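Dear colleague,

I am handing over a structure that will be new to you, and below it I have set out what was found. Please read the notes with the structure open beside them.

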Amino acid sequence: MRAVASFIIRVMNRIRVVVEPRPYDALVERGLLARAGEVLREWYPAVLTKKADRVLFVVTTPTVNQLWGAKLQRSLKRAGFTAHVLTLPDGERYKKLSTVEMLAEQMVELGADRGAVVVALGGGVVGDCAGFLASMYMRGVDVVQIPTTLLAQVDASIGGKTGVNLRAGKNLVGAFHQPRAVLIDPDVLRTLPDREYCAGLYEAVKCGVIGRPALFELFETQREAILRREPALVEQIVRESVALKAEVVSLDERESGLRMHLNLGHTIGHALEAEGKYRRYLHGEAVAWGMIAIADVAQRIGKLGAESRDRIVAVVHGLSKLPVVDAQPRDIVRRLQSDKKARGGQVRFVIPTAIGKCEVMTGVPDAAVLKAIGGLAR
């Protein structure tokens, strides 16, 4: 990945995402949730006047609201905000158009106008649905991302990709809609179940493979401390992953080239998710299997050395036990054709070529893909 120093501003834990027409900051700081209102007041001072032309609509799930909703509401109230809470059910299967329509109807009933601000408090499903809602409501209102899962903190909340799933595949309906800001508090991760935590770690491993070899090595040398959720290490993992994604998005906002590298493991992973009806695998788990499969493909076609392939597999399997793959390889390959990154019937794969480097390829032999996917079930 080429140097991007001129595109990224990092001041302590503030990472700037440089996109037009309005750059924004991702803040990574322990304890930030309790100061969210204070931070948002910097961007929306008008709510402190009698005009109150900005109203906040917090989109979350019942589970997240029970854990962190009160802390956020206290922070917003201290800053002079009034916020309405909108909830959607927990689970990937609710990431669909009907959920977004339901949320939009609630906003209308609550009097939301073009000055409304949507606040996404939750994981990737909440962030994607809330972001898509904000992109469409009255042709576009602001959204602030406050991710509460590791997967959302290191990946989904940054970059403005929003969308929902169709029965045919994942994220097939959506829009680019950059957030006004991203507020990341690593302390909220202490309540994550182990499975959810590890699902997020796989996305951070991905960042290491595509462009942060030092981050990848951290997983090799500090695995036990990472699994214990040592606060300083968790914050470092989040910060480095966010910085990597900010660099990529700043150079290629609309995924015309470089940004596709962020999809390492996702092409096969999305097919696994769809084949499992979005219930069998968490997103990060499907990506983990996808990384293993594509590393195997890369070795088979001579793009990746056996040692690097083994390192990727060892790091992924060293974090947790993944759900067993029982899908038929040909069913997975069939689903690849409907992947939104395919062009003219050609599936585009992100292929690792070394730890820290990758490239986008079409024309990957089906035989190599079938063998790699078949190997996952062993």
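**The core**

Leaving aside residues up to four places away in sequence, Ile146 touches Leu33, Ala36, Leu72, Val119, Ala120, Leu121, Gly122 and Leu183, where contact means heavy atoms within 4.5 Å. Before going further, please note that this is a predicted model, in which local features need pLDDT of at least 70 and side-chain atom pairs count only at pLDDT 80 or more, while totals for chains, interfaces and linings use all residues. Residues are numbered from 1 along each chain as its sequence is written, and side-chain values use heavy atoms, with hydrogens and water left out.

Ile146 is one of the residues with the most contacts inside the largest nonpolar core, which has 106 residues, and Leu183, Leu201, Phe219, Ile268 and Phe349 are the others named there. Helix 11 gives the most to this core, with 11 residues. Another core lies apart from it and holds 22 residues, among them Phe57, Val59, Ala120 and Leu133. A nonpolar core here is a set of buried Ala, Val, Leu, Ile, Met, Phe, Trp, Tyr and Cys residues joined through side-chain atoms within 4.5 Å, and buried means under 20% relative accessible area, with exposed over 50% and partly exposed in between (1.4 Å probe, protein chains only).

**The protein as a whole**

The secondary structure comes to 14 helices and 12 strands, these being DSSP runs numbered from the N terminus (helices H or I, at least four residues; strands E, at least two). With 378 residues, a compact globule would have a radius of gyration near 21 Å, and the protein agrees with this at 20 Å; the radius is taken over C-alpha atoms, and the globule rule is 2.2 Å times the number of residues to the power 0.38. The C-alpha trace spans about 65 × 40 × 35 Å along its principal axes. Of the 378 residues, 58% count as buried, and among the contacts with a separation of 6 or more, 76% come from residues 24 or more positions apart.

**Helix 10 and what follows**

Helix 10 is largely enclosed by the rest of the structure, because 9 of its 10 residues are buried. What covers the buried residues of helix 10 includes strand 9 (169–176), helix 6 (194–211), helix 11, helix 13 (329–336), strand 11 (349–354) and helix 14 (366–376). His270, which has its place in helix 10, is buried with a relative accessible area of 7%. Although His270 and Asn171 are 99 residues apart in sequence, they are 9.0 Å apart in space, C-alpha to C-alpha.

Helix 10 is followed by Lys277, whose phi is positive, near 55°. Tyr278, in the loop between helix 10 (266–275) and helix 11 (283–300), also has a positive phi, of about 60°, although it is not a glycine, and Tyr278 is buried, with a relative accessible area of 11%.

**Backbone details elsewhere**

Arg229, found in the loop between helix 8 (223–227) and helix 9 (231–251), has a positive phi near 65° and is not a glycine; Arg229 is buried, with a relative accessible area of 17%. Lastly, a cis peptide bond joins Glu20 and Pro21, with omega about 5°, and Pro21 has its place in the loop between strand 2 (14–17) and strand 3 (24–28).

With best regards
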